[in-house]
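Here is a short briefing to read with the model open beside you.

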Amino acid sequence: MFDFSLTEEQLQLRETVRALMARHAPSEQLRRWDEEESYPYELYARWAELGLLTLPFPTEVGGAGAGVVDLVLLAEELGRSGYDLTGLYGTPIFTGLNVLHHGTPEQQQRFLPPLLEGRIRMSVAMTEAGAGSDAGAMRTRAERRGDVFVLNGEKVFASGGAVDDTFICVYARTGDGPHQEALSAFLVDNRSPGLEIHKIPTLGRHMFPTTQLVFTDVEVPADALLGPLNGGWDVLLSGLRLERIVTSAAYVGNASAVVDEALAYAKERQQFGRRIGDFQAIAHLLADMATDVEAARWLTYRAAWLLDTGQDALLEICMAKLFGSERFVEIARQGVQILGGYGYSMEFPMQRHLRAAVGSTITAGTSQMQRETIARRLGLKPR
Ligand SMILES: Cc1cc2nc3c(=O)[nH]c(=O)nc-3n(C[C@H](O)[C@H](O)[C@H](O)COP(=O)(O)OP(=O)(O)OC[C@H]3O[C@@H](n4cnc5c(N)ncnc54)[C@H](O)[C@@H]3O)c2cc1C
């Protein structure tokens, strides 16, 4: 009845991405990008060359027409090199899908071909100092003045906001009513006059740095409006399910890299005349870590399959994200423990995995917000 096997195409996709990452993002290179906090432009170009940026888009717009499970497999594979990289891959794609679903034919024509070819990128700015989990509380305003909208306000944590050739999907207030009826989405060139962009130093996410955006009378043409005026909340919500499940797959990939590295170390490292992996304390730790990765993987795959088959899947997606991120933090912490002092050293990738893991319970909706949604789906009304 149940068939858990992957298709030939899916296995091929996984192998292709694995080979590409081994060639263009080896461990030493990843360490350099992380240390130097530099965006890997060349890697992104290789992804574009291989057609990875076209994956979830329909064939009519030049896409590969792949499903959610395919995207999840790709995200897991990229996540093996670091959860940063899945954010770097996914953020432009999710915004591009919003252009596909809510944009005018002119916007689709203008943004999708260069996005799919890797000539432009996209970023998202929802969060503000006073509007995090409560995104509807945002205060950045956009006012219509003749042929243009004028944006004023401040955003924080926009990942990749400063990267070259980026258009930022900025959510702003255009009305005075409740946020469901008063927000709009705008596609803003990150070189727009009046827009100041500052990098926000963070514990992880160094290859795809987060930014503060300060808008002072930034004029955008009227056709930068994405979706209906005051219909921005629906645009914002429409991509969240896909973003969360792809993100969950990245946790699985990154956590499985932790297990692989810790396991290899435990088989090699000798103390007291034995491999440390032969001490039951370490062996059982690794057994638990491997089991958790597998559980997170199948929660993620199943939620992706539900979404692929047109089902609601919100409950399952929140469960996959909650479990995957919380276990990822714990697995990365144990990975550091197994490597001892070397796990804590900046020479080994384990510290990078731990820094990435700590961010995973915050981005794309905090663990507390996942629990809120799960509890509500269970018929509860937590206060
Ligand atoms: C690495 C990184 C990348 C990011 N990238 C982007 C991006 O590209 N674009 C973007 O717009 N934003 C981005 N963000 C912002 C991210 O979405 C927010 O940080 C997140 O939504 C939480 O908001 P906050 O940080 O203001 O925390 P707050 O919402 O202030 O939450 C603080 C704490 O209170 C808890 N809490 C809040 N409300 C409730 C509640 N109702 N019930 C129980 N607990 C609650 C939270 O779970 C958390 O533990 C990024 C953040 C990070 C760290």
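Helices, with at least four residues, and strands, with at least two, are DSSP runs numbered from the N terminus. By that numbering, Ile338 lies in helix H10. Please keep in mind that this is a predicted model.

**Domains**

- The protein is divided into domain 1 (8–121), domain 2 (122–231) and domain 3 (237–377).
- Between the C-alpha centres of domain 2 and domain 3 there are 31 Å.
- Where these two meet, four residues of domain 2 are in contact with six residues of domain 3.
- On the domain 2 side of that meeting point, one residue is nonpolar, two are polar and one is charged.

**The shell around the ligand**

- There are 19 residues around the ligand, and those that come nearest are Gly132, Ser133, Phe157, Thr366 and Gln368.
- By residue type, the shell divides into seven nonpolar, ten polar and two charged.
- Domain 2 (122–231) and domain 3 (237–377) each contribute at least three residues to the shell.
- In terms of secondary structure, at least two shell residues come from each of strand E1 (121–125), strand E3 (148–159) and helix H13 (367–377).

**Helices H4 and H9**

- Two packed helices are described by the angle between their axes and the distance between the axes.
- For helix H4 (residues 68–79) and helix H9 (residues 280–308), the axes come within 8 Å and cross at roughly 150°.
- Angles over 145 degrees count as roughly antiparallel, so H4 is roughly antiparallel to H9.
- H4 makes the contact with Val68, Val69 and Val72, while H9 brings Thr300, Tyr301, Ala304, Trp305, Leu307 and Asp308.
- Sorted by type, the residues of this contact are seven nonpolar, one polar and one charged.

- Is Ile338 buried or exposed? Ile338 counts as buried because it has 24 C-beta neighbours inside 10 Å, and the cut-off for buried is 20 or more.
- Leaving aside residues up to four places away in sequence, Ile338 touches Ala262, Tyr265, Ala266, Ile282, Leu285 and Gly343.
- Ile338 and Arg269 are 69 residues apart in sequence, with their C-alpha atoms 9.9 Å apart in space.

- Most residues other than glycine have a negative phi.
- Ala313 has a positive phi of about 65° although it is not a glycine.
- You will find Ala313 in the loop between H9 and helix H10 (314–339), where it counts as buried, with 22 C-beta neighbours inside 10 Å.
- Ala364 also has a positive phi, of about 55°, and is not a glycine either.
- The loop between H12 and H13 holds Ala364, and with 22 C-beta neighbours inside 10 Å this alanine counts as buried.

**Thr363**

- Where does Thr363 sit? Thr363 is found in the loop between helix H12 (350–360) and H13.
- Thr363 is partly exposed because 19 other C-beta atoms lie within 10 Å, whereas 20 or more would be needed for buried.
- Thr363 and Gln107 are 256 residues apart along the chain, and their C-alpha atoms are separated by 28 Å.

Key:
Residues are numbered from 1 along each chain as its sequence is written. This is a predicted model: local features need pLDDT of at least 70, side-chain atom pairs count only at pLDDT 80 or more; totals for chains, interfaces and linings use all residues. Axes are lines fitted to C-alpha atoms, for helices over the stretch in contact, and angles run from 0 to 180 degrees between N-to-C directions. Angles under 35 degrees count as roughly parallel, over 145 as roughly antiparallel, 65 to 115 as roughly perpendicular and the rest as oblique. Two residues are in contact if their C-beta atoms, placed from the backbone, lie within 7 Å. Ala, Val, Leu, Ile, Met, Phe, Trp, Tyr, Cys and Pro count as nonpolar, Asp, Glu, Lys and Arg as charged, and the others, Gly among them, as polar. A residue is near a molecule or strand if its C-beta atom, placed from the backbone, lies within 6 Å of it. Domain bounds come from an automatic or database domain assignment. A residue is buried if 20 or more other C-beta atoms lie within 10 Å of its own, exposed if 12 or fewer, and partly exposed in between; C-beta atoms are placed from the backbone.
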